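Subject: Structure handover

Hello,

The sequence and structure are below. My notes on what was found follow after them.

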Amino acid sequence: MTQELTSPSPAPQAPGTGRGPGWWRDAVIYQVYVRSFADSDGDGIGDLRGARERLPYLKDLGVDAVWLTPFYASPQADGGYDVADYRAVDPLFGTLQDADDLIRTAHDLGLRVIVDIVPNHTSDRHPWFQDPALARQRYIFRPGKGESGELPPNDWESVFGGPAWARTDRGDWYLHLFAPEQPDLNWDNPEVHTEFEAIMRFWLDLGVDGFRIDVAHGMIKAPGLPDIGHGAQAQLIGAQVLPFFDQDGVHAIHRAWRRLLDGYGDARGKQVIGVAEAWAPTAERLALYVRPDELHQAFNFQFLNAPWQADGLRSVIDASLAATASVGAPTTWVLSNHDVVRHTTRLGGSLARARAATLLMLALPGSAYLYQGEELGLPEVTDLPDEVRQDPAFFRGGRETGPAGPGTDTESAPDGVATAGGQDGFRDGCRVPLPWSGELPPYGFGPGGSWLPQPADWGGLTVAAQTGDPASTLELYRTALELRRRLPGLGDGPMSWAPAPDGVLAFTRPGLLCTVNTLGHDVGLPAPGTPLLSSAPVTVDDATARLPGDSCTWWAI
Ligand code: BGC
């Protein structure tokens with residue numbers, strides 16, 4: 001199934017290489033959810049050619065790197081996170097040549113490329129799972145309980161709902177922490193380790209600059225696969241260590257991958273990175289994934305889930321910075337991704353808060369991930385008809401919806417499927433294809449339609465409509481990213497809190513002060529400097545600054 005390249009010479013590498021301090025420590029990385037970014041062939045599904053054509057847009061936006069979600073051969077039972085061949089591109093998304101072209105074009109533009117790797121599970125159509133003898137060695141099979149083995153081997157629940165076990169027609173059971181089409185690999189088998197190292201080398205040879213490691217907390221299960229003892233387990237993910245998530249054994253795998261990444265990079269004078277998608281109960285446990293001999297980055301989901309409230313934000317920021325500093329790593333901030341309710345909606349349906357949250361994130365020390373469409377201020381689409389839904393969690397009915405009210409704390413979210421902001425918690429609403437131009441769907445997404453319907457009122461949110469409008473969210477992102485590149489005090493480096501009224505956060509970075517008013521009304525304070533950029537119009541009169549409600553301002557000091 002592996003496809004051949006017509007030009008197998010190594011792709012040019014991105015500039016700025018060598019071990020040095022680490023490009024990733026303060027990089028802004030843009031997540032391209034490939035099927036919803038740009039469609040080149042009119043089938044309504046975004047693809048690699050479409051993404052490649054839009055790379056100049058990302059360069060102009062001012063990001064440093066692009067993370068591409070899985071585009072590998074897959075039956076698409078879970079949006080491509082069910083991989084049948086890790087070395088082939090699914091025809092839905094193009095060919096291996098298209099991937100090669102995309103990587104080259106990105107590097108020519110000075111953008112790095114990170115790809116997803118999915119090591120916790122494969123597709124049930126993967127050749128290993130298709131061969132019963134191989135499958136028994138390389139996946140997690142157990143006999144059932146009950147008189148004739150008719151009951152699952154233990155009480156574990158799938159993240160998507162229902163039991164985490166499926167029975168084969170041979171009568172035994174296999175573990176699937178996600179959909180039944182996603183059997184969990186057996187990481188006690190050294191062949192699994194060897195294969196994933198080979199897969200990484202395959203993509204590194206094609207020129208990628210790193211990997212986003214899916215379910216990086218999941219590969220190792222507690223010995224004996226002990227029962228948990230109660231249900232609603234999805235709610236425990238990220239809140240406590242579970243026998244299937246955040247087991248200490250996963251760290252040995254990450255250490256081995258770090259050796260591989262460093263060895264590969266050193267031999268070529270570049271730095272290639274690993275970023276963990278890991279749900280850990282505390283900032284300290286998350287920091288274990290970014291110890292010096294482990295991965296480079298780990299998404300900070302506690303920040304993503306923080307309430308829009310000054311004290312709560314401050315304590316999450318403090319805990320995150322302290323935990324990562326204790327292992328010498330930067331913090332990796334994120335507000336939106338393809339698994340969670342878009343932050344405009346999650347923060348109470350407030351574009352003002354979303355814009356302020358973004359400026360706050362971009363002023364904090366460390367790296368930041370942006371999710372496609374957040375730069376347009378896109379809201380979650382909340383009225384998708386059931387017939388168009390594709391999230392496997394919807395069909396398994398497993399999501400504990402339990403919507404938090406608008407703007408309330410969302411608490412810990414199930415792995416990859418956070419619920420929040422009064423939404424139903426399924427993940428199609430944040431995956432609606434991007435609006436690029438025009439007044440009507442598909443808004444320039446491609447020459448055909450779009451795999452999920454786009455709202456009729458997105459004409460004013462397109463890239464074309466917002467470009468050049470200084471009040472637009474797109475121009476706010478562009479300016480913020482431009483300043484972030486230009487001002488030496490932003491990105492990696494020191495930060496300290498400054499005095500501020502209740503409900504307001506203030507902190508300094510070298511040469512800069514950032515204020516965040518989390519209240520719904522104006523707050524006055526002595527002007528701390530000259531406003532450089534604000535998420536809402538800020539006024540300064542007689543040395544008194546008026547911070548609009550739900551706003552963030554960067555001040556030159
Ligand atoms: C991905 C999800 C996916 C799950 C299973 C998550 O971490 O981000 O989209 O459904 O892993 O692979």
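Asn300 is buried, because its relative accessible area is 4% (buried means under 20%, exposed over 50%, partly exposed in between, with a 1.4 Å probe and protein chains only). Before the rest, the terms of reading: this is a predicted model, in which local features need pLDDT of at least 70 and side-chain atom pairs count only at pLDDT 80 or more, while totals for chains, interfaces and linings use all residues. Residues are numbered from 1 along each chain as its sequence is written, and side-chain values use heavy atoms, with hydrogens and water left out.

Asn300 sits in the loop between β11 (297–298) and α9 (301–304); helices (H or I, at least four residues) and strands (E, at least two) are DSSP runs, numbered from the N terminus. A polar atom of the Asn300 side chain lies 3.2 Å from the backbone nitrogen of Gln302. This is a polar contact, that is, a pair of N or O atoms within 3.5 Å; within protein, one must be able to donate a hydrogen and the other to accept it, and residues adjacent in sequence count only if both atoms are side-chain atoms. Leaving aside neighbours within four places in sequence, Asn300 is in contact (heavy atoms within 4.5 Å) with Leu286, Ser320, Thr331, Thr332, Trp333 and Val334.

Next, the ligand. There are 15 residues around the ligand (a heavy atom within 4 Å), and Asp78, His121, Asp214, Glu277 and Asp339 come nearest. For His121, a polar side-chain atom is 2.9 Å from an oxygen atom of the ligand. The ligand taken alone exposes 300 Å², and the protein buries 100% of that (Shrake-Rupley areas, 1.4 Å probe).

Then a sheet. It is open, with three strands in the order β6-β8-β7 and antiparallel pairing (two strands pair if DSSP finds at least two bridges between them). β6 (141–142) and β7 (165–167) are at the edges with a single partner strand each, so one side of each has no neighbour in the sheet. β6 is joined to β8 (residues 173–175) by two bridges, and Phe141 stands opposite Tyr174 in β8.

Last, Arg389, in the loop between β13 (367–371) and α13 (392–396). Arg389 counts as buried because its relative accessibility is 13%. Arg389 and Asp457 are 68 residues apart in sequence and 20 Å apart in space, C-alpha to C-alpha.

Regards
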